[in-house]
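Please open the model in your viewer and keep the selection panel at hand.

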Amino acid sequence: MLSALIWVPILAAAVIGFWPTAITPARSRQLALVIAGGLFIWTLILLSKFDAGAAGFQFGESMPWIEALGLTYNLGMDGLSLPLIVLNGLLTCIAIYSSDEDVQRPRFYYALLFLLNAGVVGAFLAQDLLLFFLFYELELIPLYFLIAIWGGQRRGYAAIKFLIYTAISGILVLASFLGLVWFTGASTFAYNSQLAQALPLGTQMLLLGGILLAFGIKIPLVPFHTWLPDAHVEASTPISVLLAGVLLKLGTYGLLRFGLGLFPDAWAAWAPWLASWAVVSVLYGAFSAIAQTDMKKMVAYSSIGHMGYILLACAAATPLSVLGAVFQMISHGLISALLFLLVGVVYKKAGSRDLTIIEGLLNPERGLPMIGSLMVLGVMASAGIPGMVGFIAEFIVFRGSFPVFPVQTLLAMVGTGLTAVYFLLLTNRAFFGRLSQRVINLPQVRWSDRTPAIILTVVIVVLGMQPSWMVRWSEATTTAMLNKAPVTLTLSATPESQK
């Protein structure tokens, strides 16, 4: 059941990329959208069969692979990976739907999107340390080409910078995993939450340090963040949606799964420093966003700040804060995807993202009133206005973190106020006032441009009004992680057979 989420996209990439006859760009997009839609429906089927009350891994699959290396093909899904996989399925459909119908080299483009999808899902499902590393590196290749070929004017620089940073992250992940297996004397790389418990605290802190650096680059956290604004600015809109919505979550997922999950004692020793690191990222990201005049770069820096909330919640390591971290991952994924979609429509219609040029886009006659209205809702969600998913996520994070780190939590809460500041600047400059003469008489926005943003807006509002529809899937897993309960892979076809 889980392997289909990995191998169907790989097969789809091969079929689209190597089909012997010519395929038009429109037909390639239609075929890709049908396959991506089928994969998303499959994730919803898994969601319906998932036992939310069970803390362990479900739908497990295992088979020997390279026994000489201790590598096994172990897959499993729990409450930590399930929401992220569903989010990945949704945003992949939206990214394909939002791609230009006349995109250049369409077969290569959609093949890379499916390889990216397979790598991300494989990393979320892998229950073998070495298998996780392989999928973690797999997503690097297609994303590099997607930026380098279909990006903006400085796409080569942005792609190379992304490649270098992410490659260093992968090296640190591999070194930490190899060190863990070597120090413990384990014969395989199978994931076991109790694996590092017998190691001295100093050794645990050393290994955890490598994991923190690796995933700190991927998230990214200050000062390892510089690749992200460049990558976002140069990437096309669909790639920015996937990059902010899903790919950054590989870093936060890695912190929870392989940081807090494997090294709880060392994590407690590192926690005060991690909380302070989170505050630096939150405030730096917010102040940097205020200074931007490029709409896309402003949204990119906002991501750096909002990912700091997740690190704060993870550092506190209370049941409520870790649950809030998972909710914040989903919240940020939805909101950032919405904002990048809307900025992409503005750029496509107005020909600029410069806040010193565009103005008055909310004009009902000759502007972009629907896009402007959705943008207002999106920035309200990002700023944590009640009734939106962003408010619920941040409230849970702060409520769960405050008892452990009151000072750091209060400082991080300043970031929510700064979020309102820079997004107020964005909406006030771009959408209010008299329509700028340089962008007057804009082309009409089609419903095909509005539909993805409307879907994300509905999800953001629904989860903001009914957060229990999301948190119920993760609560048992996050509680078990903090109770240091042994988590092992259970092989079964259905949740009922695990009871």
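A residue counts as buried when its relative accessible area is under 20%, as exposed when that area is over 50%, and as partly exposed in between. The model on display is predicted.

Select residues 58-66 for β1 and 71-77 for β2. The two strands run antiparallel and are joined by six bridges. To follow one of these pairings, display glutamate 61, whose bridge partner in β2 is leucine 75. Then move to the turn: four residues lie between the strands of this hairpin, and glycine 70 adopts a positive phi near 75 degrees.

Next, select leucine 69, which sits in the loop between β1 and β2.

**Second stop: arginine 353 and aspartate 294**

The structure contains eight salt bridges. Begin with the one between arginine 353 and aspartate 294, in which the closest N and O atoms are 3.0 Å apart. Arginine 353 belongs to the loop between α14 (319-350) and α15 (369-382), while aspartate 294 belongs to the loop between α12 (264-290) and α13 (295-316), so this contact ties together parts that are 59 residues apart in sequence. Is arginine 353 buried or exposed? Its relative accessible area is 13%, and arginine 353 is therefore buried.

Now select aspartate 449 and lysine 349, which form a salt bridge with their closest N and O atoms 3.7 Å apart. This pair links distant parts of the chain: aspartate 449 is in helix α18 (residues 447-465) and lysine 349 in helix α14, 100 residues apart. Lysine 349 has a relative accessibility of 13% and so counts as buried, because the cut-off for that class is under 20%. Aspartate 449, at 14% relative accessibility, counts as buried as well.

Note on methods
Residues are numbered from 1 along each chain as its sequence is written. This is a predicted model: local features need pLDDT of at least 70, side-chain atom pairs count only at pLDDT 80 or more; totals for chains, interfaces and linings use all residues. Side-chain values use heavy atoms; hydrogens and water are left out. Two strands pair if DSSP finds at least two bridges between them. A salt bridge is a side-chain nitrogen of Lys or Arg within 4 Å of a carboxyl oxygen of Asp or Glu. Buried means under 20% relative accessible area, exposed over 50%, partly exposed in between (1.4 Å probe, protein chains only).
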